[in-house]
Each structure stands twice: as C-alpha cells, then as structure tokens.
Amino acid sequence: MNQKYPTEPLKIWNEAKLLRGKYYENYLDAHKLGGLRWAGGAWSFSSIPAGLGEDVYSITGEPHGATIAFFKDFTAKCHEAVEAAGFPRTLCAYMRNYWGSILLDKYIRADGKVVDEHPVPDFIWQDHICCSHAKWYQVAKWLEEKKGKKVPMYCVDVSVGYSMDKPLEDFKINYIVRQLSDGIEWLEKVTGRTYNDKLLCEAVWNEINATRLWAEICALNQNVPAPLDEKTMYSLYVMGTLMKHRKECVDIYRKLKTEIEDRVRRGIAAVGNERFRIITDTQPPWGFLKIFREMEKYGVVSLGSLYTFGLIGMWKYRPDGTWAPKDLPLEKPQTREEAVKMIVEWTVDRPEWAHFYQPEAKTKMILSIVKQWKVDAVLLHYNRGCEGLSVHIAENRHGLLDAGVPVFPFEGNMGDEREFDFPGTLARLTAFFESMGLKKLGE
Amino acid sequence: MIEEIFQQFRDWIDNRHEYAKEWKEKNTKKIIGYLCTYVPEEIVYAADILPVRILGSHEPPTVTEPYIFAMFCHLCRDCLAQGLKGRFNYIDGIVEGQSCLHLRQTFNAWRLHIPTNFAHYIHIPHGIQNPHAIPYLTQELTKFKKALEDWNGKKISNEDLDKGIKIMNENRELMRKVHEFRKLENPKITGLEAMEMVLSSQMVDKEEHSKLLNKLLEELPKRNLQRNTGTRLMIIGSEDDDRVFMKNVEALGATFVIEEHCTGSRYLWDDVVPQEDRLSAIASRYVNRVPCPSKDWPEFTRIQHAVKLAKDFNVQGALVIQNKFCDPHGIEIPPLREALKKVGVQTYPLEFDVTVPWGQFRTRVEAFLETLTGLEELF
C-alpha cells in the first residue's frame, strides 16, 4: 500500500537524546565536578537556584519517575521497596518510583542502566499545587535522614487558584513572590554561596523563552499532516521538564522549531498514513508506549495533548478566542525583583494548573485544541498513578461529550504496570476506532 | 440525664436533615454546607447563616461514577452522592476551604450539577509553615466575607465577627473540657460518644450544642461508665465518622481515649485568639491549627502533636487509618508509626473504604489488642 505522506526521521533526535543523557550524568557527577545538586519537581521554579552558579545541577522528580517507569523491572523493585516500607500502593506512581530508588539506594540512568548509590541532593527545592508535591520531598528528606543524611528543604506554595479571564490578583502573585524572595536567602544560607542576580535574570529569561518555544513547536502540529506525533513529543518535551531554565534547553528548542517548520513546508508527516487525528490526556502508561504504534496501524496520529502542550509550554487565549503561545514579556529582567516577579507572572498562567481548580477551564482548552488542531477524537487516560492530573477528568469527559466530541476513556497508571491492562485497552480501543469508521490499513 | 444528652447527640446525627430543615423554617435563615474543616465557620456564623458539614452516609456508591473518577477517596464521592440524591436540598450554598484535591472535586461537581445559589472556594494556603500564609489568608477571608455580604445582602460588622468567634471558641473549649475526662484512668466517656459529640457539633446550631455541652460538663464528674476501660487506644488518620467501627472496636475490650482526625480532636483543638483585625485573627487560627497533612510540610508538626496527644492521654496503642486513596494521610503513615513507636506506642494500619469489612477487621484488631496486652489463654 502506498504511503499517503512522506516521512523522515528527526535530524535533531540524537542531539536531544545526548542532551537528556548528559543531564542525568551531570546530576550524578555534580560533586565530582565541584558543583551542587538539588532535587525538586518539574514545575519548581528552577531558574531560582540557577543564581547559585553555573555548576548547579538538578534532577526533577516526575521525569525521573517516568524514566524508572519505562524500565519495568526496576519499577517493580521500587514499588516492592516502597510497599515493604509501609506506604500505600495507591499513592502517586512517580513518587513511589522515586522513593523506591532512595530505599534501594540505586540510580537509573537515562539508558536504563542501574547504578549503585542514589545520589543525595544538597538541597530540595520544590513547589506545591498537588496534594503530593511537597509531601513527596518531605518523605524523601525523611528517608535520607534515616540514612544519616540531612537534606534541607524549601517548598513554595503556589496553590492560589487560577484565573482564565483576568490577571490573578496582586496579593496572590505577591504571596508567591515573597516566598521566592525568602527562598533566595534560604539558598544562600544552606549552600554558603553568594547569590548571583545576573545568573538569575539569565535563567528566568531562558525559562520564559524555552516554555514559549515549546508552545510554538506544538502549535505547528495544527498542520495536516502533523509533523510530530505524541510519542516523539514525549522525548522532546522532557527537556523542558528537566532544564527549562538552561540555555541548552532554549537552544535545542530553537533548533527543533526550525526543523519542524521545515517539515511543515515540505509536508513531512510523523505518521505516513495519517487519516484520523486524536489527542490524549494526562501522562501515558510509560511502560506501554507501543500503544501509539498500534494506533498508527489504523492511520491514527496522536497530535499531543493538553498535557504535552501545557505541562511546560505556556499558552494564552488571544482576543479573537484562539489559544496560542503566550506573548513574551517586552524585555529581559535586569534585577532580582524584576526577575522573580516576571517568572511568577509567567508561571501562574500554566495551562496544566488550570484544571486543578476549574474543570471548565481545562475542557475549554481541550475544545480549543480539538478545533484548532483539527482533532477527530479524544482519548482520556483515567490515570490511577496521578491524582493531580486526573482530578476533574470525569467533568472533562462530560464537557467534551456535550460538545459532540467522540471520547475514549481508559483506565491505567502512568508508572505502575500492575494497573494497566494493555490487551484489554487495545481491544476496546480497536472497537472505538471501528466505531469511528476506521479499519486497519491494508484490510 | 447524662444518657439523654448522649442520646441527643446521636439523634442529631441520625436526623440531621430533619433538624436542619426545622431550624431553617423556625429561624427563616440560610444554611450553608461545607466540606472541609478549613472553612472558617466563624465568618458564616457572623453572617447569621448556619454552617453544616457535608458528610457521607456509608452506603455503597451508586451515583458518583460519572462525576468523580473512582480512584478518589470514598469520602469525597460519598459527600457528592448525598448532594446528587437530594439529601441536602435545603442548603442555600456550598463553601469549601482548600485542603485536598479530593474534596475540591466534590465542590466543583456539586457546583456544576446540583442547583446551588452560592458556591465559594476559599484558597486556604497550603504552605502554613511559611510566614506569609497569615497575611495571604487574611486577604482570602476578606474576599469570602464580601462574597457572603453580597449574597446575603447584609454587611458583616466587627461585632458580628466577634459573635461568630465567640460561638466557635465556646463550642471548641467546651468539647476540649469534655476531652479532659478521657485522660482519666477510667475515662468518663467512650470514643464513640466523643465522636458523636464532635460530629453532631458539625451538624447543628453550635449555640444549641454548647448549651448541651454545659449540661454534660455538669453531669460528667458524677458518671460511672460501668465498663472496663481495657486497652487505651488512639485512632488517627483520615476523616472518620464510622460510628459502627468505633462501637465494634470498643466492644472488644478497648476504649478510644483520643483521636487525631478532623471529626475529632483536630476540629476543636485550637481557638481564635482575639486581635483588633478580626479576619487576621481568624486567619491565624486556621494557619496555626493542628493541620491536615496536606498542608503540613516541610516539618511533620501534626505527627509531633499526635505524639504529645498519645502521651497526654496515656495511649497504649494506635489504629492508623487511611481512607483508601487519601494521599496526604497515606504518605505520612510510616513516619507517623515510627514517631509513635519511639514513645512506646504500638500502631496498626487499617485502610478504610465507604464500608468497613468488619469481619476481617475484627480479627486484625483483636490480634493487635493481643499484642498490646499479652495473649489470652486458649482454654
């Protein structure tokens, strides 16, 4: 059967893979290099610790948890260790993977190689919007203390709500700004380093640019055929979850954007026989990404999701009602005060924070994606592994169905394979595609 | 007389909806339902509105699946079920004070699917250990006060706030005084009775409740419970209003002498300390109160408080309960158990769902009690 659109591998693929691998290595080797390492979440204000120096390396918990989940043998050992320690198996799957790694005193590299000794961070730098965010690192700190290692922890409360139609009130912005300003003093105290405001301003500007660029890249998937598929996007958005504040992240996203624009010009597709466009929701069951390849057999391409677009990418509604990459601030910050305020004002618009408070907001954004990205159906992952991104998901299902969008809900777990029935889900998904009038290509 | 008082608490719980409807008709005032004890009832009372806590009915869930994914705790689903079934059709509004994602989901589903005139979400800060939490919450409470004023068509004065603070402080203080009688070698009330006292206070007019508490405090010194105290237990963890479980455990030769959860001592442990700025005073109380673990970081202050309670009430063993899927409490189970063990309090974890499998739990609780007291002779 002839392929409908031309395809070709991404030129940037190997560079991205190397960058991701280096990130994990740098964290591991930070002390050998005379640097510092910190642990925290992918949503933490990572540009703030950047003011401590250029030799400060982080590991963000969610991508680390996802990496563990991808390698199922190690995941199983992590879960066993956590359950043996007395924690319920219903908790956040990433968090359990991370704790398991501490309990086993093992570290997994990006290529899946497991090495001895979980590298202890010099400090924890986290933020809190989901029930588990701060608690995750509070327990990590406690587990390290039991091993005789004291890890100082700072966590910023960002649970101030979300405003779709007007800017968030000043007192809410200031609440976060004040915590971050205190946090800078705390960083100086626990590391003994002098804080460099110039590095902070650079990091903030990097973060703003990286998160804008990622949104621009995702927006290019509005084209038919889509130049990127979601499985590939997972390998690329991860840079933003690991190091959104670093120049390397901005550079690679800039290159990626140029390459994707070129693919669009030349009509290069991610899926050669694209004929049915879907989006998903929340994290996938990481151990079962092959499900995307199964979808391709029906000519189905997954264009992304609010999660892949908005976990790191920054978006905003335009006056004409379209959903588009958020406009950059007019100028780069020049002082600590400007930088801290700017990053807070930038971050509170994160699309993935909206649904924590307003299910209608998430439904509205998904419907915008459906319309602008020419989506035929939505797959909703009822994800047992993440209550933060599954919250209100049933309301989103109502909203999509009410708007006439076909929806396929499926239950699974992003990081615990015991809670994902691959054959069962695939059978139901196949039936769903058939109900949409699709047949396996070549049949 | 004293048995009549406890019977009144039970009646209020068993007939809570009838009570509320009669109260509304008699007083011609509004009623607000709230989900979490982080809602500052002081301000609701100041608005001359009756706050009543929405809780579940412990029936298997049948109506919530389309609205809340079943991986969220039974409490949040059971609360929503009450609304969907129309059991709270007398409330005029609903308010939630930010605690966990679970109850937030109940609030939003309620707001979207159950006709309600007033719905307000208070963004209670999570970072209660940071110094900016009180001024921030004061601003949030200012918004809440204004929302109530706009809806109710009546300004809330400082005198009104003083009245609200007084009502709440008095009720909490009286219940704490009752708790003192649980410290005795032979406690004057059982854990079930204590639970029914606190639960009913969340369901009825607190001024009426406090009148009964005053009578109870007159009678309690004279009371002889006519039962063996047995093993002195603590129950600690997620929201718990499972009266059947309490009754059954106490029938096994034990007494719950203290609990640490939000339908028990956590609800009543802290008062509002008066200040010129009333809202700041209220904010201070809700930031500094015994916290829900969702807000208790980076230090485990709730665990420190639980250890103190265990010592003060001479606890021998603790049942650590987690409502299935309640992450904030689940996360703290190992550190909590370790902290209690360090002060000689053995613990046993139990996972609660909307209904409790008493057959299995009985065997497990009996075994736990035996480990605390020594094995019974076989014959």
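Select helix α9 of chain B, where K206(B), H209(B), S210(B), L212(B), L213(B), L216(B), L217(B) and E219(B) are buried (under 20% relative accessible area, with a 1.4 Å probe and protein chains only). This is a predicted model, in which local features need pLDDT of at least 70, side-chain atom pairs count only at pLDDT 80 or more, and totals for chains, interfaces and linings use all residues. Residues are numbered from 1 along each chain as its sequence is written, chains are lettered from A and ligands numbered from 1 in the order in which they are written, and side-chain values use heavy atoms, without hydrogens and water.

At the N-terminal end of α9(B), select D205(B), which caps the helix with a side-chain oxygen 3.0 Å from the backbone nitrogen of E207(B).

In contact (heavy atoms within 4.5 Å) are M197(B), S200(B) and S201(B) of α8(B) with K206(B), H209(B), L213(B) and L216(B) of α9(B).

Finally, move to chain A and select T282(A), in the loop between β7 (276-280) and α10 (290-296). T282(A) is buried, with a relative accessible area of 1%, and its side chain reaches the backbone oxygen of H381(A) at 3.5 Å. Leaving aside residues up to four places away in sequence, T282(A) touches Y307(A), H381(A), N383(A), L389(A) and I393(A).

Note on methods:
Helices (H or I, at least four residues) and strands (E, at least two) are DSSP runs, numbered from the N terminus. Buried means under 20% relative accessible area, exposed over 50%, partly exposed in between (1.4 Å probe, protein chains only). A polar contact is a pair of N or O atoms within 3.5 Å; within protein, one must be able to donate a hydrogen and the other to accept it, and residues adjacent in sequence count only if both atoms are side-chain atoms.
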